[in-house]
Every structure is written in structure tokens, then in C-alpha cells.
Amino acid sequence: MNCARVFIERVNQRKGEEKKNTMASSSSSATVAVEKATSDLLMGPDWTMNIEICDSINSNHWIRKRGKGEKDSMQPKDVVKAVKKRIQHKSTKVQLLALTLLETMVKNCGDQVHFQIAERNILDEMIKIVRKKAHMQVRDKILVLLDSWQEAFGGPGGKYPQYYWAYEELKMALIYVRPTAKGTFN
């Protein structure tokens, strides 16, 4: 009876270690993928990589063992965390590529990503960047994204009111200016 208990404890311990390894693998693969998709060496967005990231997020909502020849499934929280770091980067190019990746994820991944963006304070980070008088292209991209997202999510009474309040915070701080017919900000 004592041997059976020890055996069960060892099996449970191995399962816990496998889960930790899978989670660590998801986190590191997410970081590597996001860094590749937002590399300062890119001339423009790497759409193939951006869509691969979205596909990986969408392929599995739960951690599971991967089969032979199968890629790791990235968890939304890990990808969003990695994107947040890239949005905070000092390079304008990296920030713009990270914002483009984030936009691609919002359009292609669904609720699990929308929730993580709100939960992981990405919206607050975007506000901070605009307030710090970021590069004009970065600022404009953030303003356009927040405006379109708050509208898409139904404003203050919608599913994710955090997007609306982030937009309103910028607007109330007199940072937001409506785009002109040419698509630039006054």
C-alpha cells in the first residue's frame, strides 16, 4: 500500500513537471515568435509571422502535449506579455511592428486575446506611450487602434468597456484629435 502511494505521488509530480515545462515552452516560444515578428531588422510587417502567431493562439485554447512534428501552441497570455514588452521598446520601428501585430491579433484571435490585452494592462501602456509624446507615427497608430477597438467592442456598455475607457482617457486629456480627411491628426 505504501508503494502504491509513492508511485501515485511520483506520477503526479511528473505530471506537474510536464505541465510546467509545457508552460515554459509556450512562454519562450511566444517571446521568440514575437521578437521575430517585431525585429528592428524588418523592412515592414512580417505578415506570415503575424498570422502564424494568430494561428498558434487559435489552434489550442488549453495546454496540451504536442504530437510528433507538431508546433508548440502559444498561450494568449504569453504572446500578449511578449507584445507588451515590444511596445515598450525604445525603437519606433519595433513599437510600430508590435502595434501592427497587436492589431492583427485583435482582428484574428478573438475573446481570449481581447481579454488578455485588457487584463495585462496593454491599454494603460498605450496611454503612457502617447502621454510621453511618442513618435508621431506611434502616437497616431495607438490613437487609431483605441478608437476603432472601443467602437468595435460596443463602447462603455460593450463586452470590454476597458477599451472605451482607455480611448476616453486619451480624449479627456486633450491628446486625441480627430483625423482629417487625409488621415492625419491635427
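**Helix α4 meets helix α5**

Modeller: In this predicted model, L102, M105, V106 and C109 of α4 touch D111, Q112, V113, H114 and I117 of α5. Contact here means heavy atoms within 4.5 Å. Helices are DSSP runs (H or I, at least four residues), numbered from the N terminus.

Biologist: What kinds of residues make up the contact of α4 with α5?

Modeller: Six are nonpolar, two polar and one charged. Ala, Val, Leu, Ile, Met, Phe, Trp, Tyr, Cys and Pro count as nonpolar, Asp, Glu, Lys and Arg as charged, and the others, Gly among them, as polar.

Biologist: Why are α4 and α5 called oblique to each other?

Modeller: Their angle is about 135 degrees. Under 35 degrees is roughly parallel, over 145 roughly antiparallel, 65 to 115 roughly perpendicular and the rest oblique, so α4 and α5 are oblique.

Biologist: What makes C54 and C109 count as buried?

Modeller: Buried means under 20% relative accessible area, exposed over 50%, partly exposed in between (1.4 Å probe, protein chains only). C54 has 1% and C109 has 7%, so both are buried.

Biologist: What are the ground rules?

Modeller: Residues are numbered from 1 along each chain as its sequence is written. Local features need pLDDT of at least 70, side-chain atom pairs 80 or more, while totals for chains, interfaces and linings use all residues, and side-chain values use heavy atoms, leaving out hydrogens and water.

Technical notes: Axes are lines fitted to C-alpha atoms, for helices over the stretch in contact, and angles run from 0 to 180 degrees between N-to-C directions. Helices (H or I, at least four residues) and strands (E, at least two) are DSSP runs, numbered from the N terminus.
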